[in-house]
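Subject: Handing over a structure for you to look at

Dear colleague,

My notes on what was found follow below it.

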Amino acid sequence: MLKKIIKLLKTLNGNSHPGEIAHALCLALLLGLIPKNNALFYVVTVFCLFMRINKITFVLMTTVFSLLGHLIDPFLDNLGWWILNLDFLKPVFSTLLEVPFLGFTRFNNTIVAGALITGIVLYIPLYWISRLIIWFLRAKIIPLVRKSKIILALSKVPFIKKIASLSASV
């Protein structure tokens, strides 16, 4: 686990393109909100594994968003109920339920529908916010942290040297 966290920190400061990290974060939000007991989760996961995104960020942030997603389930439930009960969309949902295997995605579940809509709506803003944060970290924060007296002092501690050597080999 320590190696994965070190790899994530290296990714944020490394040569990885900020767009790859931002897309990974957005897709992780989408997957983290969707309940794990339906085909939609697995289809989106397989789709994401074939995309050019930062996989370490994707896996770690999916885990984080999955843990935090349970806190907003009441909101997702209410949003999904509202979407599924819109009069002009009811015929569309009825037609989609007749498509073979599409029912396995459980898109007609209120939490799944709310999570899917929330993930799609938040994708673009989260993408640009995360790109801005990555740029700010790389350009402003990390150079300041590297030059700080605390980091220079900590770099002399044997345990920290061991972690630094681990990060160099990852």
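In this predicted model, the axes of helix 5, which covers residues 73-84, and helix 7, which covers residues 110-147, come within 7 Å and cross at roughly 95°. An angle from 65 to 115 degrees counts as roughly perpendicular, and therefore helix 5 is described as roughly perpendicular to helix 7. On the side of helix 5, the residues that take part are Asp73, Phe75, Leu76, Asp77, Leu79, Gly80, Trp81, Ile83 and Leu84, and they meet Thr110, Ile111, Ala113, Gly114, Ala115, Ile117 and Thr118 of helix 7. Sorted by class, this contact between helix 5 and helix 7 has 10 nonpolar, four polar and two charged residues.

Is Thr118 buried or exposed? Its relative accessibility is 10%, and because a residue under 20% is classed as buried, Thr118 counts as buried. If residues up to four places away in sequence are left aside, Thr118 touches Leu33, Phe75, Leu76 and Leu79.

The axes of helix 2 (residues 18-33) and helix 4 (residues 55-69) come within 7 Å and cross at roughly 35°, and the crossing in which helix 2 passes helix 4 is right-handed. Helix 2 contributes Ile21, Ala24, Leu25, Leu27, Ala28, Leu29, Leu31, Gly32 and Leu33 to this contact, while helix 4 contributes Thr57, Phe58, Met61, Thr62, Phe65, Ser66 and Gly69. Where helix 2 meets helix 4, the residues divide into 11 nonpolar, five polar and no charged. Leu33, which belongs to the helix 2 side of this contact, is also one of the residues that Thr118 touches.

Finally, here is the chain as a whole. The chain holds nine helices and zero strands, and reading along the sequence gives the pattern α-α-α-α-α-α-α-α-α. Of the 170 residues in the chain, 33% are buried. Among contacts in the chain with a separation of 6 or more, 78% are between residues 24 or more positions apart. The chain exposes about 11,000 Å², and carbon and sulfur atoms supply 75% of that area.

Key
Residues are numbered from 1 along each chain as its sequence is written. This is a predicted model: local features need pLDDT of at least 70, side-chain atom pairs count only at pLDDT 80 or more; totals for chains, interfaces and linings use all residues. Side-chain values use heavy atoms; hydrogens and water are left out. Axes are lines fitted to C-alpha atoms, for helices over the stretch in contact, and angles run from 0 to 180 degrees between N-to-C directions. Helices (H or I, at least four residues) and strands (E, at least two) are DSSP runs, numbered from the N terminus. Angles under 35 degrees count as roughly parallel, over 145 as roughly antiparallel, 65 to 115 as roughly perpendicular and the rest as oblique. Contact means heavy atoms within 4.5 Å. Ala, Val, Leu, Ile, Met, Phe, Trp, Tyr, Cys and Pro count as nonpolar, Asp, Glu, Lys and Arg as charged, and the others, Gly among them, as polar. Buried means under 20% relative accessible area, exposed over 50%, partly exposed in between (1.4 Å probe, protein chains only). Accessible areas come from the Shrake-Rupley method with a 1.4 Å probe; for residues, only the protein chains shown count as cover. A crossing is left-handed if the near helix is turned anticlockwise from the far one by less than a right angle, and right-handed if clockwise.
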